[in-house]
Amino acid sequence: MAAASWRGSAVAVLCALAALHAVVAVVLCDAAAAAATCAGVAPAKHRPEVISITDFGGVGDGRTLNTWAFRKAVYRIQHQRRRGGTTLHVPAGTWLTGSFNLTSHMTLFLAKGAVLKATQDTRRWPLMEPLPSYGRGRELPGPRYASFIHGNGLRDVVITGDKGVIDGQGEVWWNMWRRRTLEHTRPNLVEFMHSTGIHISNVVLKNSPFWNIHPVYCDNVVVTNMMILAPHDSPNTDGIDPDSSSNVCIEDSYISTGDDLVAIKSGWDEYGIAYGRPSSGITIRRVRGSSPFSGIAIGSEASGGVRDVLVEDCSIFDSGYGIHIKTNVGRGGYIRNVTVDNVRMSGVRDGVRIAGDVGDHPDAHFSQLAVPLVDAVRIRNVWGVNVQHPGSLEGIRSSPFTRICLSNVKLFGWRNDAAWRCRDVRGAALGVQPSPCAELATSFASAGSSCS
């Protein structure tokens with residue numbers, strides 16, 4: 001009996017230890033999942049040298065124009081070329097300035113209480129050539145206004161701070177758009193072109209004249225721990241628009257603007273097709289926000305192609321569309337290998353929309369034969385409440401969307417008769433509420449390899 005009792009106690013201890021190890025494993029796995037990040041593709045580097053904008057005559061009184069001070073500071077960083085780079089420190093205060101460029105191996109640091117404010121004197125705003133993948137300004141033919149903060153052909157650039165603010169004072173631009181008095185396409189708030197190793201974090205962007213953050217023809221870009229704000233009636237104030245760029249990480253940010261929170265692009269019609277640079281390796285994780293348009297969008301300007309996109313653990317509320325993949329005849333290109341996982345929605349008009357009839361054209365020279373391909377889109381573990389309409393999956397007759405795979409997508413609203421709209425689409429649906437449309441197979445097995 002004693003031996004049996006001892007053996008029983010030993011077994012109990014071993015079982016308890018096994019259970020403890022299992023619990024620890026689960027906790028560690030959960031912690032690892034919670035800490036999943038891609039921000040290592042462009043970390044915020046420590047700079048051995050720090051200079052202040054006040055060293056160059058900057059005055060943070062909200063009235064003095066500091067454009068020359070910022071340009072002198074950047075010129076000094078560019079030509080001194082300190083080993084490891086230089087931080088330009090902007091202390092507390094309101095620093096009024098016009099558009100200025102950054103340079104390689106620099107950090108723009110906005111201290112707590114620092115507000116970098118764009119001048120509203122639009123008459124002196126510099127102009128730039130249109131992007132080659134667009135062929136013209138996005139709003140008007142010809143050149144475009146330079147971004148408020150701009151960089152071209154740079155390496156290793158950081159914009160960060162202690163919740164300092166970059167204020168585009170965009171209302172003057174929005175009003176010109178509304179009155180149709182714009183002469184050229186409005187400026188973005190922050191834009192990098194042909195650059196690599198870009199890190200943007202821990203600042204607040206507000207009231208952008210046009211798109212907020214626009215990396216175009218870039219590699220290794222991180223946008224993390226950001227707050228991006230604009231009124232819901234501000235036109236085209238997209239939050240973050242990766243454009244013909246690769247290895248882009250967007251994480252842990254709150255966005256509330258007048259247009260798409262995140263929109264992945266790659267050029268416009270025949271110009272994007274000719275330029276031929278896709279957006280690829282895009283991760284969007286733990287983004288939360290609200291927009292009258294789309295939460296997470298791909299397109300509609302995607303003529304260079306979009307592939308390998310991961311959207312996970314995001315929350316979208318009080319918005320037009322939750323997930324919106326949009327293209328059109330004339331776009332060409334492709335949208336391929338997109339995974340959306342663990343997205344929560346509330347107060348959204350349409351939960352999921354994948355559409356082949358969205359977006360305008362730069363001119364009349366686009367080809368009706370340039371038909372886009374949409375393939376391998378996996379949407380799973382999506383939960384929505386107060387969703388007016390579950391959504392629509394509507395492809396192109398001459399190019400049906402293929403391998404559109406929905407699993408565990410449950411979108412609840414106040415309309416009992418709400419139903420999916422589908423046409424020219426192939427794929428499968430499993431565990432979808434309301435019931436999926438007939439164009440999608442009712443199980444992945446019956447869809448064959450299309451949803452494996």
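Strands (E, at least two residues) and helices (H or I, at least four) are DSSP runs, numbered from the N terminus. Two strands pair if DSSP finds at least two bridges between them. Now pick Asn-152; its bridge partner in strand 13 is Met-193.

This is a predicted model, where local features need pLDDT of at least 70 and side-chain atom pairs count only at pLDDT 80 or more, while totals for chains, interfaces and linings use all residues. Residues are numbered from 1 along each chain as its sequence is written, and side-chain values use heavy atoms, with hydrogens and water left out.

Widen the view. The open sheet has 4 strands in the order 5-10-13-16, with parallel pairing. Its edge strands are strand 5 (100-101) and strand 16 (213-216), each pairing on one side only.

Next, show Arg-138, Asn-236, Asp-259, Phe-293 and Lys-326. Of the 27 residues lining the largest pocket, these are the closest to its centre. (On a 1 Å grid over the protein atoms alone, a pocket is an open set of points where a 1.4 Å probe fits, with protein on both sides within 12 Å along at least five of seven lines; lining residues have an atom within 4 Å of a point.) Strand 23 (residues 306-326) gives the most to this lining, 3 residues.

Last, select Arg-71, Val-74, Phe-100, Asn-101 and Leu-102. They lie nearest the centre of the second largest pocket, which 15 residues line. Helix 2 (67-80) and strand 5 each give two or more residues to that lining. The largest share, 4 residues, comes from helix 2.
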